[in-house]
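Please consider the structure shown below.

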Amino acid sequence: MELTMINLKLKRREFLQLMGWGTAGATLAGCDLPTTVTLEEGKEEVVAYLSPEEYAIPGVGVWYASTCAQCAAGCGIHGRVREGRVLKLEGNPDSPINHGKLCQMGQAGVQNHYNPDRYTSPKLRRDGALVDITWDEAWKLIEEKTGAAANLGAGRLAWVTGTLSGHQAALMAAHIEAVNGKHYGHEVITPAVWQAVNKDLFGEAMPRLHLSKAKLALSFGADFLGTWLSPVHFSTEYAQFRKAPRGILIQVEPAMSLTGANADLWLAIRPGTEGALALGLAYMLAQNGVAAPDALQGVIGDYAPSKVAGITGVSEARITQLAELLRKHAPSLVLPGYTAQGQAQGYETTAAIMLLNVMLGNVGQTITSGGEFPFPQLAAKSGNTRDLIAFADAAHNKAHDVVFFYGVNPVFTAPAALNLADRLKNIPFKVAFTQFPDETAAQCDLIMPVASYLEDWGTHAPAYQPDGVIGLQQPLMETLYPGTPGLGDALLTLLKARDAGKYGAWNNYYGYLKQAVTSLPAQYRSAGQSDEAFWQSVLQKGQLKVEVKSGALQAKPLSGFNLSAPATGGDYPLTLIPSPRLSFWDGRHANLPWIQEAPDQITKVVWDSWAEIHPATAARLGVEEGDVLEIASEQGAIKVKAFIHKGVHPDAIAVPMGQGHDDYGRYARNRGANPLRILNPVTDAKTGELALYGTRVKATPTGERQMLVKAGRDNISQRGRKLAATISAEQFRRTEGV
Amino acid sequence: MQLIGTSRTRAGRYGWLAAALCMAGVLNTASAAEPVSMQYPIAPQGSYKGLDVQQPIEFPHDIHTAVNKINCLYCHTYARQSKVAGIPPTSKCMGCHSVIATDKPRIQKLTEYWTNKQPIPWLKVHDVPDFVHFTHERHLKRFIFDNPEVMNNLSVDTVAPVCAMCHGDMRAKTVARKDKPMTMGWCVSCHEKNGGPGDCWKCHK
């Protein structure tokens with residue numbers, strides 16, 4: 001069932017008044033009156049329906065299916081709707097991605113939707129200040145600057161977006177083609193390097209992983225429970241993996257992630273040396289009679305454990321033990337995380353790790369073909385950092401006259417070295433299709449407020465497909481701010497202006513999407529099902545299963561394989577790890593109070609940033625928890641409070657990604673620090689991706705100390721009361737067989 | 001019937017707890033495990049002098065109930081199946097008033113709202129804070145639908161006294177006025193006398 005209200009031809013005011021027992025305070029929260037919540041008699045309005053809806057009982061919630069858009073994993077959701085307002089989100093149990101589960105970012109989606117810092121009407125920058133304009137004026141201005149009459153040359157209009165998929169991606173491609181423009185897809189948290197390696201190694205970018213079938217998982221920083229690929233999906237895979245016979249999880253990373261905290265064996269590795277460890281393991285496996293792939297044949301001779309121990313800081317005994325475990329527990333699964341991929345030699349490092357899978361015979365067992373998505377025009381166009389650099393260069397070279405931003409905040413996520421805010425001044429007309437006053441909107445000339453994902457139509461075909469599925473996104477309530485278009489509606493409006501003959505047939509994106517879905521081949525519906533019945537069934541389920549043809553996955557030979565050890569010591573003795581979190585993500589969720597309030601998975605810190613440093617590093621610097629450190633790279637410095645724990649390599653300093661906003665609303669502004677700002681603009685040579693985890697920094701105490709606010713102070717001390725029973729690590733390893 | 005089914009499920013789910021509390025002497029008269037013989041509830045003590053609220057239309061509850069003997073639940077129909085009693089949709093008013101009393105000024109005002117497709121902006125009189133989970137459904141089940149005294153002689157004059165426990169006697173008023181304190185102590189006094197749940201999270205959840 002779809003929300004019938006959406007189709008009613010009502011004015012905004014009337015809609016509000018229709019909403020049953022919704023109180024005036026609540027219903028007008030985003031409108032022209034201040035919020036009034038009171039028990040006093042005669043203060044709040046309580047407005048009845050004009051005519052009752054059959055299914056709507058005031059006080060009783062109705063659940064609708066949709067698709068989450070808080071990250072690109074595309075989890076299916078159910079939203080509870082009461083009196084026309086969405087109140088609670090849960091996972092869709094039928095989704096092959098998240099199986100009814102939903103992470104905290106997904107749960108906090110209602111705070112994205114009801115956020116008090118949303119833009120409510122279009123704004124135009126005049127003499128530096130934003131002034132309100134009408135929707136008509138805004139669209140007219142866009143038509144003037146980008147319509148056929150503007151006569152923009154080839155490539156003069158650019159879209160910068162996050163990951164897109166589904167029919168929005170198809171319409172985006174159509175608009176790019178219509179204006180002969182250019183598209184940049186940007187995400188900071190991206191498996192782009194891994195995808196490039198997969199493409200070369202397997203011939204496909206996104207193979208399917210079967211963690212549940214592995215007997216042992218060796219993860220080089222792949223935080224698959226937190227931030228890697230499709231975390232909610234891998235959490236259910238992980239639960240299977242841990243069922244008897246219990247799979248062994250070994251995590252090797254420079255700074256502990258949520259997945260690392262769940263591992264049987266967690267090893268700190270010197271940042272940037274993951275490739276050397278992978279080759280060292282290949283060496284040991286080869287010594288024990290496991291045939292090495294051709295690409296490694298001439299390489300691994302240099303990686304005897306004694307040398308690898310020196311490079312990585314992982315002891316010889318451990319290397320031997322890991323190789324032995326890998327040999328004994330087949331099939332296994334070896335995964336490269338973001339820290340392994342985000343290096344100046346990210347491609348080689350990732351390739352070395354993936355080649356271990358080839359060597360161990362995991363290909364075809366725990367790694368299989370992802371298959372061919374039947375609708376290539378709907379497949380995910382994943383964002384990356386290469387496009388960010390390309391866009392910054394294009395802006396520098398004055399290659400664009402008009403740029404549209406959607407679902408992306410590059411001014412925040414770009415390293416200061418790219419100088420993006422300044423370079424944007426070279427683009428005469430910048431339009432932010434955005435919900436929030438973020439750092440990029442602050443540089444734009446026109447603000448076009450957009451619908452939240454709970455108000456929008458769409459389809460989503462996430463890049464990582466555990467089982468072929470297109471998620472359907474439907475509004476869970478009427479838009480809070482009249483006029484705000486969803487991405488699909490905005491694109492349709494732009495396309496209509498270009499080609500009324502082709503796109504004029506659809507009044508809105510809803511109509512377009514309905515026709516697109518009902519035009520799918522007959523195999524997707526049950527025999528004799530009418531268009532309307534089929535459409536309703538897709539809406540009810542919130543998804544459409546698609547058949548993905550998949551063959552056998554075959555490893556191809558890789559060539560030109562060369563890995564050198566990263567530098568150590570010098571003026572900048574530490575490596576900065578801007579660690580992603582299943583909370584702020586790349587910074588997009590820093591404006592959600594629930595996310596700020598939820599204690600960090602590792603440090604338990606709330607509402608702040610911190611720098612994780614090893615006790616030995618802290619002793620060398622003479623700092624304690626709460627001491628403010630200046631972390632400086634060649635590109636700049638940030639100030640962060642120290643958090644001292646052993647879950648970080650002594651050569652690393654980890655600062656969570658996503659805080660340190662200059663703008664982005666009341667909850668995010670001026671809170672913590674943004675480690676992305678001080679990254680060196682170094683890229684991986686093969687893929688052009690930013691080496692996010694390869695920046696060398698130095699940390700200096702500023703002499704200032706502030707309390708680091710976290711849930712559970714003294715959380716290590718149990719005050720002699722055995723609050724949580726413990727056993728020694730040695731005993732644990734004996735019982736767990738690691 | 002759906003209502004009763006739902007309620008039974010709930011009783012089943014929490015029945016063990018009610019039984020445990022009963023054994024501990026927390027609940028003394030009624031529990032989900034052992035229904036007591038129904039009778040008119042003992043109304044909670046306490047009164048409150050509420051404000052006279054100027055509603056957009058001075059709706060005469062007294063004419064509808066005391067004179068025309070229309071059951072409360074005919075208009076406040078959601079009360080039996082939801083936490084809120086609900087204000088009747090305007091279409092329900094017009095069901096009668098498109099022909100009845102069309103010459104009266106209040107009905108003409110109602111008709112004007114209806115013709116303009118404008119819902120009537122009634123002002124809320126009875127409310128509890130957001131941290132209180134009060135449900136009409138449960139209270140109506142206990143005091144009306146499970147109460148033979150009401151059900152064997154169902155009319156506005158048997159139902160209205162139940163509603164009056166919290167809302168005052170609507171048969172004697174035009175628009176609603178708050179006549180009861182609606183404080184926690186007042187709620188609890190009724191729960192104690194009538195065997196309602198005494199555990200905190202029943203209402204604060």
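The model is predicted: local features need pLDDT of at least 70, side-chain atom pairs count only at pLDDT 80 or more, and totals for chains, interfaces and linings use all residues. Residues are numbered from 1 along each chain as its sequence is written, chains are lettered from A and ligands numbered from 1 in the order in which they are written, and side-chain values use heavy atoms, with hydrogens and water left out.

Helices (H or I, at least four residues) and strands (E, at least two) are DSSP runs, numbered from the N terminus. Two strands pair if DSSP finds at least two bridges between them. In chain A, 3 strands form an open sheet in the order 2-3-4, with antiparallel pairing. Its edges are strand 2 (62-67) and strand 4 (85-91) of chain A, each of which pairs on one side only. From one strand to the next the twist averages 30°; for such angles, axes are lines fitted to C-alpha atoms, for helices over the stretch in contact, and angles run from 0 to 180 degrees between N-to-C directions. Strand 2 of chain A is joined to strand 3 (residues 76-82) of chain A by 6 bridges, and Val62(A) has Val81(A) as its bridge partner in strand 3.

Further along chain A, strand 19 (residues 469-473) has antiparallel neighbours. Strand 18 (residues 458-460) of chain A is joined to strand 19 by 3 bridges, and His460(A) stands opposite Gly471(A). Another 3 bridges join strand 19 to strand 20 (residues 543-545) of chain A, where Leu544(A) stands opposite Ile470(A). Buried means under 20% relative accessible area, exposed over 50%, and partly exposed in between (1.4 Å probe, protein chains only). Because 5 of the 5 residues of strand 19 of chain A are buried, the strand is largely enclosed by the rest of the structure. In a regular strand the side chains alternate between the two faces of the sheet. In strand 19 of chain A, Val469(A), Gly471(A) and Gln473(A) are buried on one side, and Ile470(A) and Leu472(A) are buried on the other.

Helix 19 (residues 487-498) of chain A has 12 residues and should span 16 Å at 1.5 Å a residue; its end C-alpha atoms are 17 Å apart, which agrees. The expected span is 1.5 Å times one less than the number of residues in the helix. Buried residues of this helix include Leu487(A), Gly488(A), Ala490(A) and Leu491(A).

Aromatic contacts come next. Rings of Phe, Tyr and Trp (its six-membered ring) pair if their centres lie within 6.5 Å; planes under 30 degrees apart count as stacked, over 60 as edge-to-face and the rest as tilted. The structure holds 21 aromatic pairs over all chains. The rings of Trp457(A) and Tyr510(A) have centres 4.8 Å apart and planes at 45°, so this pair is tilted. Trp457(A) lies in the loop between strand 17 (446-449) and strand 18 of chain A, whereas Tyr510(A), 53 residues apart from it, lies in helix 21 (residues 509-518) of chain A. Trp457(A) is buried at 7% relative accessible area, as is Tyr510(A) at 15%. Tyr509(A) and Tyr512(A) form a stacked pair, because their planes are at 20° with the ring centres 5.8 Å apart. Both lie in helix 21 of chain A, about one turn apart.

Which residues are linked by ring pairs into a cluster? They are Trp194(A), Phe224(A), Trp228(A), Phe234(A), Tyr238(A), Phe241(A) and Tyr464(A).

A salt bridge is a side-chain nitrogen of Lys or Arg within 4 Å of a carboxyl oxygen of Asp or Glu, and the structure holds 33 of them over all chains. Arg327(A) and Glu324(A) meet in one, at 2.8 Å from N to O; being 3 residues apart in helix 13 (residues 316-328) of chain A, they are separated by about one helical turn. Glu625(A) and Lys710(A) form another, with the closest N and O atoms 2.5 Å apart. This pair links distant parts of the chain, 85 residues apart. Glu625(A) is partly exposed at 31%, whereas Lys710(A) is buried at 12%. In chain B, salt bridges that share partners join Asp52(B), Lys173(B), Arg177(B) and Asp179(B) into one network.

Finally, the structure holds 0 disulfides over all chains, a disulfide being a pair of cysteine sulfur atoms within 2.5 Å. The sulfur of Cys166(B) is 6.8 Å from the closest cysteine sulfur, in Cys190(B), which is too far for a bond.
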